[in-house]
Amino acid sequence: MSPSIFTTDIRPMQFFITSINVHLLDSSRRQVEYVELRVGNRTLAIRHISIPSKSLSETFTPGIEVSDDEQCLVSVHCCHRVIGIQKKTVVDLPFVPQDIALSPNAVNGKRTLRLAEGKLQVVVSASETLYRPETGKLVPFSDSILRICPRFRLLMMGKDGVGKSSLIGRAFKIRSLRFYEACQRQDGIDTELIFQENDKVVLHNSRNLVPGTDNSVEGFLTRRRSMPDLKDRVHAVWLCLAIPRANEPLFDEDTKKFIQRRKQLLGDIPLVIVFTKLDLLIGKIEYEAFGNEEDPEPWYLEERLSNELEKTCIQPLQALAGTDIPNVAISVHEGYESTIERLLEVTAGKVDKYVAIEAAMAALMAQRASISLKLSNSISVGKKRHWRGLASGSKFLGYMLKECLDVIHMEIVSCWNFEDPNRHLISDQFKTLMLNMVANTDTRDLPDSDVENVGFGVSAASAIIGIRGTAVRVVLPIAANVMLVGWAYDFYQYSGTVLSQCIAYIVDLTAIMQILFLLMPQGHMTIPAIKLAITAYSMAGINEVHSRIKDHYENPYNVLALGGRDQALDMIVQLIKETSIKSDELASLRARLGDLGKLQRDDPRYGWDDDDDE
């Protein structure tokens with residue numbers, strides 16, 4: 001007999017701890033002083049009480065997320081007196097998300113896990129869905145990240161003229177002149193430099209390495225390291241050093257002292273050495289090679305470059321500090337985008353390892369240089385909460401489908417962090433466009449794309465060129481102000497149709513975010529850019545995506561997460577990877593598109609329902 005789709009048990013392994021209640025029996029001599037809740041390597045909650053008692057409770061609003069790969073521990077700190085002397089003991093009660101999943105008496109997605117040791121009893125309450133108590137709405141996981149770490153806090157170090165302003169401009173799309181002028185006006189290193197065009201990063205600029213002064217790096221780091229909240233601590237340090245010319249030294253004496261004392265000054269804060277002006281070194285090597293009337297092979301130039309960097313930068317650094325300081329050689333000029341991406345990737349990796357995953361995710365949200373890092377971070381955030389368990393519907397039961405897609409929409413848009421002062425990307429008009437696009441699962445009337453042969457990036461760029469090259473108005477293939485179907489106002493239910501709509505929404509929106517990244521290397525988000533991205537995607541990729549989803553979920557057994565695998569999540573990730581624009585093709589694609597300046601201007605004559613002259 002074939003298995004029934006109603007008997008397969010799919011247990012979600014992700015919960016939100018909403019409260020902890022601790023109680024000691026009256027017969028116990030001990031009293032409860034305070035409780036610690038640890039999730040993975042994070043201590044997320046500590047509750048001290050002035051007078052020890054038999055009971056202690058703590059409520060978490062919003063709930064504390066626990067993923068299936070994290071070990072949890074409730075540590076109950078107790079005290080009691082023996083012959084007038086106060087003794088202290090700690091009772092550790094470990095658990096894992098599977099223990100919550102297997103706990104009985106689940107009601108409306110809420111569960112209780114009971115832990116006990118001797119006369120100590122602990123009740124952990126958890127929910128399968130996270131709520132905002134004040135609104136009753138689902139909460140994007142990106143909000144949970146930003147609540148803990150709303151901005152990536154970066155300390156910039158290095159002499160004037162090494163290229164700090166240009167680097168900030170490239171990495172975070174903050175206008176270089178604005179950063180430079182802000183640095184000139186700052187009162188000291190404690191000044192928080194936050195810019196309207198990208199408020200997801202807060203910068204500090206070091207202009208004084210002399211120890212013992214209030215504005216020195218040492219004093220600043222001491223103050224920041226003692227701050228209790230992650231959002232206030234420094235998450236990473238970029239020490240910028242220009243690649244030496246001729247026989248110039250790499251370090252001055254103050255920089256040497258800082259590097260030698262880095263462990264004492266920084267603790268776990270990652271330090272990345274940034275060797276700037278790589279383009280000048282490459283230009284020198286090419287000039288010498290071609291000046292000698294040579295016609296060198298590319299491998300020869302690469303070998304010369306590696307040797308020169310080793311001699312002038314890597315060896316002096318290792319002689320001073322060993323091999324444990326990460327370093328990246330970069331240039332801010334066109335053609336060197338991969339060096340900025342490498343710097344961001346190394347930094348985020350070190351922040352994740354030594355500081356906190358929330359700070360690393362905040363760094364990846366803040367950066368605007370790498371499409372690949374944006375894409376991978378968006379996938380990681382989605383997998384943390386709302387993309388998982390779509391088949392079981394455990395997170396969305398009781399909500400309208402539109403509410404579920406709204407929270408997914410906010411998560412994805414937050415990860416891409418475009419400059420969007422008019423909030424076009426979270427407007428009702430754009431959301432309606434997305435819903436109507438997902439509703440159109442019949443792809444027979446859409447043009448066939450060439451994604452399999454040329455890749456999504458080339459296919460999207462070709463569509464854009466075709467649209468703009470016709471010198472006619474961009475006509476959206478779908479309506480922006482009229483909901484074509486009422487399915488979005490139905491309640492989430494366990495079905496292949498609902499599942500396919502959720503998957504299509506995630507993949508479609510992620511593809512459009514990529515096309516917008518391609519179209520908007522500078523400037524703020526505009527309606528013409530969004531409309532062009534949607535139209536290009538309808539020509540370049542939607543046919544293949546929707547056909548794959550529709551064909552797969554025509555079989556009802558494909559709805560299930562059989563064998564413990566989340567097939568819906570697997571399909572989302574696979575389709576996103578297949579409809580992805582690669583970092584190494586971004587520059588060439590933008591070169592093909594030509595001048596995109598017009599897209600960076602909102603024309604008040606045209607709105608969502610008006611056609612645009614391109």
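Visitor: What makes the pairing of the side chains of arginine 153 and histidine 204 a polar contact?

Guide: The side chains of arginine 153 and histidine 204 are joined at 2.8 Å, and a polar contact is a pair of N or O atoms within 3.5 Å, where within protein one must be able to donate a hydrogen and the other to accept it (residues adjacent in sequence count only if both atoms are side-chain atoms). Arginine 153 also makes a side-chain polar contact with glutamate 192, at 2.9 Å. This is a predicted model, in which local features need pLDDT of at least 70, side-chain atom pairs count only at pLDDT 80 or more, and totals for chains, interfaces and linings use all residues. Side-chain values use heavy atoms, leaving out hydrogens and water, and residues are numbered from 1 along each chain as its sequence is written.

Visitor: Why does arginine 153 count as buried?

Guide: Its relative accessibility is 5%, and buried means under 20% relative accessible area (exposed is over 50%, partly exposed in between; 1.4 Å probe, protein chains only). So arginine 153 is buried.

Visitor: Why is helix 11 called oblique to helix 12?

Guide: The axes of helix 11 (residues 357-366) and helix 12 (residues 371-384) come within 9 Å and cross at roughly 135 degrees. Angles under 35 degrees count as roughly parallel, over 145 as roughly antiparallel, 65 to 115 as roughly perpendicular and the rest as oblique, so helix 11 is oblique to helix 12.

How values were computed: Axes fitted to C-alpha atoms, helices over the stretch in contact; angles between N-to-C directions. Helix = DSSP H or I, 4+ residues; strand = E, 2+ residues; numbered from the N terminus.
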